[in-house]
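Trainee: Before we start, could you show me how to read a structure like this one step by step, with the general idea before each case?

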Amino acid sequence: MGKLFEHAPCIYFSASDDGTLLEVNNFLCASLGYDAAELTGKNMDTILTTPSRIFRQTHFFPLLKLQGFTEEIYLTMLKSNEEPLPVLINAVRKQVDDMPVCLYTGIVVHNRKKFEEELISAKKSAEAALYENVALAEIKAELQRHIEVLDKQIHQAEKQNHELRQFNHVVGHHLQEPVRKLTLFNSLLQQQNKDADSTPLINKIAAVTGQMREVLSDLQKYLWLQETLPNKKMIELDKLIDGAAEKLSSEFPGVELHIEKDHMPPVEGDEEQLQLLFYHLLSNAVRFRKDPVRVIVTISVTALKLNQFRYIAEKYKYTDFLRLCVKDEGIGFDGAFNNRAFEIFRRLHNESGRGVGLTLCKKIVDNHLGNIKIESEQGKGAMVTVELPLNVVAKNAVI
Amino acid sequence: MVASMATRNNVKVFGKGPQPMLFAHGFGCDQNMWRFVTPAFENDYRIILFDFVGAGKSDLQAYNRERYASLNGYAKDILEICEELKLQDVILVGHSVSSMIGLLAAIEEPRYFQKLIMVGPSPCYINDGNYNGGFERKDIEGLLDTMEKNYIGWANFMAPNIMGNKDRPHLGQEMAESFCSTDPVIAKQFAEVTFFSDNRADLGKTKIPSLILQCSDDIIAPMEVGEYLFKHLSNSTLKVMKATGHCPHMSEPEETIELIKEYLSKVA
Amino acid sequence: MERSRTILYIEDDAEDRELMQHTAKQVGESVNFVYAENGLKALEYLTVAKNNLRLPCLIVLDLNMPVLDGKETFYKIKNEPMLETIPIVIFTSSSNPGDRSLFESLGVGFITKPYNLSDMSNIVRGMIDLCNK
């Protein structure tokens, strides 16, 4: 190193790419309290504080490698007595004898640092005050917009609720009553019938009216899910699933239902509704099974964080969700219908079932502010993915 | 509302191969960090480079404080890019904190990803009982202080929300051509989210095959961390590199390329 | 006052009345069934019956009725001296849990109209038994 650099009133040193110090000048040594011999050959990290070491790895080194130079980098060096030394560094990366070498110069900035800290502090206070003002104004405007939207939505919801109640009444009374009477009168007909030819026809009427009753019963369940507020408490899903499986076993006595499930953490929700959810998911697995006797369902569980906000754009709050994947090996259905499987009375096969199970499942998941989707391929079974918030925060407050 | 992720995240797509290889830069710089590595894969893969919102030439106006207060918010950048480009069987290469961001993305939407390649990863940077992450809280606070006093590629005189306010004039949005922006507000929040994150609990949530590239003598992701990851990430492979420091893809690109190629050829 | 062996069925629906009549006939004729199409007609009948000192032993009351619905008819009967002592049983198609809990809290029997004939027979037998008490 030339005499000028050796005695210059600034920091001057050189290092290889990996940080090994090659040459150091007097000023650097004096500032840090080391001899040149103690520093050459050591890694630069030795003379940096931990935060500055991190900064060097994440910013300084990449900058030098990509850009070839850096300017005005603030670092804190570490003196031999463990005290910090604030410095401002310029650096350049050059090829010297076919090897890349980094040259560093800089000044010690004790006073500058103090001044800068006061500046930053003042700037922060000013910004905070300004931010509050600006943020406040923005929030006010946003609030106003949201109140207007909310009011319209409440009106919409009330209107729909009202319409739904009327519809409920229609279903409950004007449809159910005629079906009831049809059933009874057909039974009377059956009693009085002496004509053998008429018997199969009467039986057909009985079967069809039976179907109508079931459709109405399903519709009523759907409307009940619409109207009642869920009764929230912490629930053990394992028990719920076992309960649903038992119910199914008694409905399908010839079928062995095996459920392989991960351990389920407790979830906050409505016990009755969640039990119905699992009942229908498992029921589908059984109804649409490939093997006539043995049904295997796998339920895997993942805890993850998802954005709680589902409709309002630009709003984010990552909260804990539980994702359940319920997979069966049944006959499946054409994947083109994945998005339509939840429509009421949509049947995806000619096999049994009225196509209302998944609709009820979606309603229940919606009631819990969760997500549900289904994926299937013909002949390869189906997988239903349900995501439920672990804690259902104060909801259903408005409607 | 942002029109396109490609613009928002400064996405670059090139390469002759069919399978996508998505490179996610870590804390500190931007997609340029990969420039010594991507040429080796251009012929065989479809390379996708991008900048996280707040870094490089991404759209700073899209910065959302609430979203990017969580690594999940960053993971969403990756997922949105995959969605927009309709990617499948992605090999996701993540440096440093982006290894964890990639992990979160793979947990949330496994269908996009085939493999994870983690360069200098760490699931948690702060020491915790028996766990040796490498740092104490005060070290990170010192880092945040250092970030505040560096103005590389400084674009905003004031915080973005004030900056973007319609009533105030735009205060010089020119940004120097800089690869390692330390915009005092955004970069600092990224530092906070990164170094105070703890993703140890997430390691068990996926079985995606992964490669852990562990540098020798990396103060940010020390050897114990690599071993911890190997132990807790099922289906992972650990390779200890000769490279030292935290950015082997910049300091030892050949070794990095070789190890990645070796891994990809084995795990068919 | 002596109770006659008569059950008053207040029901607007012709078919329901017909079904009741049919079932009553099948079950046995120990009790006489009388029908009123709505609450007003029922009250008219009850006033005449009161004057003749022959009140029914049981009133079977439907809820969904035009002009004067079941609940209003119920209250009107309960507010009449002498009529208020006649036992009442609600016989309705309503599945509204509010209705059920209201009447049960008043100690009034609440029966849902059945779907099959054997249930119907049992219900009518039960009504006749109430009359015999």
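This is a predicted model: local features need pLDDT of at least 70, side-chain atom pairs count only at pLDDT 80 or more; totals for chains, interfaces and linings use all residues.

Trainee: How should I read a sheet, and in what order do the strands of the open sheet in chain C lie?

Mentor: The general idea is that strands of a sheet pair through backbone hydrogen bonds, either parallel or antiparallel. In chain C, five strands form an open sheet with parallel pairing, and their order is β2-β1-β3-β4-β5. The edges are taken by β2 (32-36) and β5 (109-112) of chain C, each of which has a single partner strand, so one side of each is left without a neighbour in the sheet. On average, and with direction ignored, neighbouring strands of this sheet are turned by 25° against each other.

Trainee: Over how many bridges does β4 of chain C pair with β5(C)?

Mentor: Strand β4 (residues 88-92) of chain C pairs with β5(C) in the parallel sense over four bridges, and you can find V89(C) opposite G109(C) in β5(C). Helices also lie on this sheet: α2 (residues 39-51) of chain C touches β1 and β2 of chain C, with its direction at about 155° to that of β1(C). Helix α1(C) lies across β1 (6-10) and β2 of chain C, and runs at about 175° to β2(C).

Trainee: Which residues of α2(C) are buried, and which are exposed on the other side?

Mentor: The general idea is that an α-helix has 3.6 residues a turn, so residues three or four places apart point the same way. In α2(C), the buried residues are G39(C), A42(C), L46(C) and A49(C). Seen down the axis of α2(C), these buried residues fall within an arc of 80°, so they line one face of the helix. The other side of α2(C) has E44(C), T47(C), V48(C) and N51(C) as exposed residues, while the cover over the buried residues of α2(C) includes β1, β2 and α3 (70-78) of chain C.

Trainee: What span does α2(C) reach from its first C-alpha to its last?

Mentor: With 13 residues, α2(C) reaches 18 Å, which is close to the 18 Å expected at 1.5 Å a residue. Just after α2(C) comes L53(C), which takes a positive phi of about 55°.

Trainee: In which sense does β9(A) pair with β7 of chain A, and in which sense with β10 of chain A?

Mentor: Strand β7 (residues 256-261) and strand β9 (residues 294-307) of chain A pair in the parallel sense over six bridges, with K261(A) opposite I299(A) in β9(A). By contrast, β9(A) and strand β10 (residues 318-328) of chain A pair in the antiparallel sense over eleven bridges, and the bridge partner of L306(A) in β10(A) is T319(A).

Trainee: How many residues of chain A are in contact with chain B?

Mentor: In this contact, 38 residues of chain A meet 41 residues of chain B. The largest share of the side of chain A that touches chain B comes from α4(A), with 15 residues. The residues of that side of chain A divide into 18 nonpolar, nine polar and eleven charged.

How values were computed
Residues are numbered from 1 along each chain as its sequence is written. Chains are lettered from A and ligands numbered from 1 in the order in which they are written. Two strands pair if DSSP finds at least two bridges between them. Helices (H or I, at least four residues) and strands (E, at least two) are DSSP runs, numbered from the N terminus. Axes are lines fitted to C-alpha atoms, for helices over the stretch in contact, and angles run from 0 to 180 degrees between N-to-C directions. Two residues are in contact if their C-beta atoms, placed from the backbone, lie within 7 Å. The expected span of a helix is 1.5 Å times one less than its number of residues. A residue is buried if 20 or more other C-beta atoms lie within 10 Å of its own, exposed if 12 or fewer, and partly exposed in between; C-beta atoms are placed from the backbone. The arc is that of the directions from the helix axis to the C-beta atoms. Ala, Val, Leu, Ile, Met, Phe, Trp, Tyr, Cys and Pro count as nonpolar, Asp, Glu, Lys and Arg as charged, and the others, Gly among them, as polar.
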